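The following report describes a protein chain, moving from one of its residues to the chain as a whole.

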Amino acid sequence: MEKLPKVAFPFIIGAVLLVVVLAKSAITIDSGEAGVLFKTFGDGVVVDEPPMGEGFHIVAPWNKVYVYEVRQQELFEKMKVLSSNGLEIQIDASAWYEPVYNELGNLHQSLGQNYLQRVIQPAIRSAARSVIGRYTPDDLYSTKRDAIQVEIFEETKKILDKQYVQLNEVLVRDVTLPPTIKDAIERKLKQEQESLEYEFRLVTAEKEAEKVIIEAKGKADANRILSASLTDKILQDKGIEATVKLSESSNSKVIVIGSGESGMPIILGNQ
């Protein structure tokens, strides 16, 4: 160092300072992230401009950049809530959310980077307690789960309105009831299923009986109509017809089938 000319010291010091300034001024924002600029000697958080996007940025060394993840994120919650009849129920739910990109400055200014704990968690917990409190354990265990899921989503979204957060979906993953209540509901559902099966068998048997009655009535009506149409003349003609066929047999000899109009018997036989 003693051999360096004194004029070189300012250049060395300047280069070191330049490296330090560049190191503090260079900001790299990764994929799926955005930056909020804070101007130390200006108006603070920049809210009237879009956030800083992905890539390399140079900012004044006295300013700060707060980086936020702007992808869709998931919050998983286990909550104990009360049903309409006061029973404690555990709900496992997920919320899909993301910050509103163009409002990132306002989000940082009003809520900060821990906005998840400040607004999203309290909102979904409040909505879940409100919605579950309107239903019985039977509803939660059976057919109403999809409706409950939609209601929790709608109420949570209403709470988060104007909080610079976008709620995309709420999923109710599991509902855990007290064991005694769960067993009672399952027994009730089983009894209802057995009752429905019994009613189905009764209806089926009744329809089969109606079918048999209708078929029997149809046959009786057909026989009655046939009997009414068989006059003496028709019966005589049918008898002659049958006798003629019989007389044509090689084994037939002489057949008397009754009297004609002259009172004489009609005799048929082989020649």
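Tyr115 counts as buried, with 5% relative accessibility, where buried means under 20% relative accessible area, exposed over 50% and partly exposed in between, for a 1.4 Å probe and protein chains only. The model is predicted, so that local features need pLDDT of at least 70 and side-chain atom pairs count only at pLDDT 80 or more, while totals for chains, interfaces and linings use all residues. Residues are numbered from 1 along each chain as its sequence is written, and side-chain values use heavy atoms, with hydrogens and water left out.

The structure holds three aromatic pairs, a pair being rings of Phe, Tyr or Trp (its six-membered ring) with centres within 6.5 Å, called stacked if the planes are under 30 degrees apart, edge-to-face if over 60 and tilted otherwise. The rings of Tyr97 and Tyr115 are edge-to-face, because their planes stand at 80° with the centres 6.3 Å apart. This pair ties together parts that are 18 residues apart in sequence, since Tyr97 lies in strand E7 and Tyr115 in helix H3; helices (H or I, at least four residues) and strands (E, at least two) are DSSP runs numbered from the N terminus. Ring pairs also link Tyr68 with Tyr97 and Tyr115 into a cluster.

| Residue | Relative accessibility | Class |
|---|---|---|
| Tyr97 | 4% | buried |
| Tyr115 | 5% | buried |

Across the protein chain, the secondary structure comes to seven helices and ten strands, and buried residues make up 27% of the 271 residues. Among contacts (heavy atoms within 4.5 Å) between residues at least 6 apart in sequence, 62% join residues at least 24 apart.
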